[in-house]
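Welcome! Please take a moment to look over the sequence and turn the structure around before reading on.

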Amino acid sequence: MSPSPSTIGQRLHVVDALRGFAVVAIMLVHFLEHFIYDSYPVSTPLLASVNQGMKDAFFFLFAGKSYTIFALLFGFTYAIQYGNQLRKGKDFSYRFAWRLLILALFACLNAVFFPGGDVLLTFAIAGLILIPLRKLGIGTLAMVAAFFLLQPLELAYAAIQFFHPEWTPPTVLAANAYPSLKPCIDNGDFWGMAWNNLTTGQYASFAWGIDAGRLMQAPGLFITGFILGKGGFFHTGSRNTVFWTRTLLASAAGSFVFYIAMIQPELSAPLKTAFTMWHNVSFSGIWVAGFVLLYRTAYFRQLTDSLRYYGKMSLTNYITQSVIGALIFFPFALGLAPHLGYVASFAVGVAAMLLQIRFCRWWLGRHRYGPLEGIWHRLTWLHAPNK
């Protein structure tokens with residue numbers, strides 16, 4: 001399945017809007033958890049119940065799912081970039097490796113303001129897998145993606161535990177790194193916090209990704225996104241409508257089955273991790289397929305038009321949300337974390353999002369790329385005038 005020649009090179013607004021949706025959800029999750037800064041006000045039992053209920057509902061809907069959509073579209077973007085250059089007789093792979101190195105630098109910039117480290121570093125490392133796979137057919141790519149999405153490491157751990165119940169899976173002890181992050185923030189010393197975030201925080205984030213199964217999941221998501229881009233699945237057409245309808249139904253069924261499985265109390269830790277990852281991917285499939293199908297209606301396109309601008313500046317918005325959050329919650333600036341519960345933090349996050357959207361509309365009315373997207377683009381094509 002391939003896009004028609006008339007649609008090649010056209011920017012897909014549905015992808016921009018979907019990416020904007022994912023980054024907005026990530027942002028609001030981060031605001032709810034105070035950007036991994038565990039400091040909240042003491043409240044009455046009733047208010048505490050309302051706050052916790054709101055957090056639980058939002059996390060069920062978006063935590064682990066918004067990241068999945070973001071990762072999926074990362075692979076899709078590579079497919080578009082690779083395809084565009086291939087049509088010019090060029091191989092984008094080496095330029096993409098350089099682009100990932102620049103992304104790692106952006107990850108370090110974001111980590112300065114985000115105590116838990118930054119997932120962009122995982123993207124920059126795991127994204128390298130797309131380079132050797134770029135010339136494979138869709139069928140082969142699907143098998144490779146399935147291998148990673150099956151969480152093979154967790155299944156191997158579960159098999160060993162089945163035959164040797166006393167065996168404990170290895171861990172990189174990410175949990176040991178996180179407790180040292182909060183005291184550095186509590187001190188109100190920006191530079192001390194920044195250094196600790198860049199070192200201990202980045203290690204904690206990457207280590208958690210290994211322990212939580214995300215290091216296996218990420219390549220599978222990237223490859224799946226690459227397949228969606230290579231096969232033209234986001235373009236309109238009756239065949240794609242059938243594909244997304246089937247994806248929606250299968251994702252709904254999978255999400256239900258894997259959720260029931262993951263909450264079983266007797267489940268081993270490796271199997272719980274695997275079922276949780278499968279549930280997140282399935283639930284993300286509901287969001288993606290539902291969004292794509294709804295986007296074909298004029299009303300939904302109008303309703304989500306602001307997300308299209310937000311998604312075109314996803315890197316800028318992703319990093320500036322951390323800056324805004326740090327300035328609002330952390331002691332080196334306003335220090336409002338001890339005064340804002342989950343509901344209030346969510347409201348502040350929505351206000352910040354609306355300001356970001358307003359800025360995106362203003363900026364993109366005058367520039368082709370967002371501020372950080374423009375820097376990334378110029379650095380990507382350094383010394384390449386005929387890109």
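At what angle do α1 and helix α18 pack, and how far apart are their axes? In this predicted model, the angle between α1 and α18 (residues 342–364) is about 145°, and their axes lie 8 Å apart.

**α1 with α18**
- Two packed helices are described by the angle between their axes and the distance between the axes.
- The crossing of α1 with α18 is right-handed.
- On the α1 side, the contact is made by V24, M27, L28, F31 and L32.

**α1 with α3**
- The axes of α1 and α3 come within 8 Å, and they cross at roughly 145°.
- Here the crossing is left-handed.
- Residues of α1 in this contact include V15, L18, R19, F21 and I26.
- They meet residues of α3, among them Y67, F70, L73 and F76.
- The contact of α1 with α3 counts 12 nonpolar residues, 2 polar and 1 charged.

**Salt bridges**
- The model has 5 salt bridges.
- One pairs R19 with D16, where the closest N and O atoms are 3.5 Å apart.
- R19 and D16 are 3 residues apart in helix α1, so about one helical turn separates them.
- R19 also belongs to the contact of α1 with α3.

**The second largest pocket**
- Rolling a probe the size of a water molecule over the atoms shows where empty space is left.
- The second largest pocket has a volume of about 740 Å³.
- It is lined by 28 residues, and H30, E33, I36, W208 and R214 are the closest to its centre.
- Elements that give two or more residues to this lining include α1 (13–32), α3 (65–86) and α11 (190–211).
- Which element gives the largest share of the lining of the second largest pocket? That is α14, with 4 residues.
- By class, the lining is made up of 14 nonpolar, 11 polar and 3 charged residues.

Methods: Residues numbered from 1 in each chain as written. Predicted model: local features only at pLDDT ≥ 70, side-chain atom pairs only at ≥ 80, totals over all residues. Heavy atoms only, no water. 1 Å grid on protein atoms, 1.4 Å probe; cavity = no way out; pocket = protein on both sides within 12 Å on 5 of 7 lines; lining within 4 Å. Points joined across faces, edges and corners; volume = space filled by probe spheres on them. Nonpolar A, V, L, I, M, F, W, Y, C, P; charged D, E, K, R; others polar. Axes fitted to C-alpha atoms, helices over the stretch in contact; angles between N-to-C directions. Left-handed = near helix turned anticlockwise from the far one by under 90°. Contact = heavy atoms within 4.5 Å. Salt bridge = Lys/Arg side-chain N within 4 Å of Asp/Glu carboxyl O.
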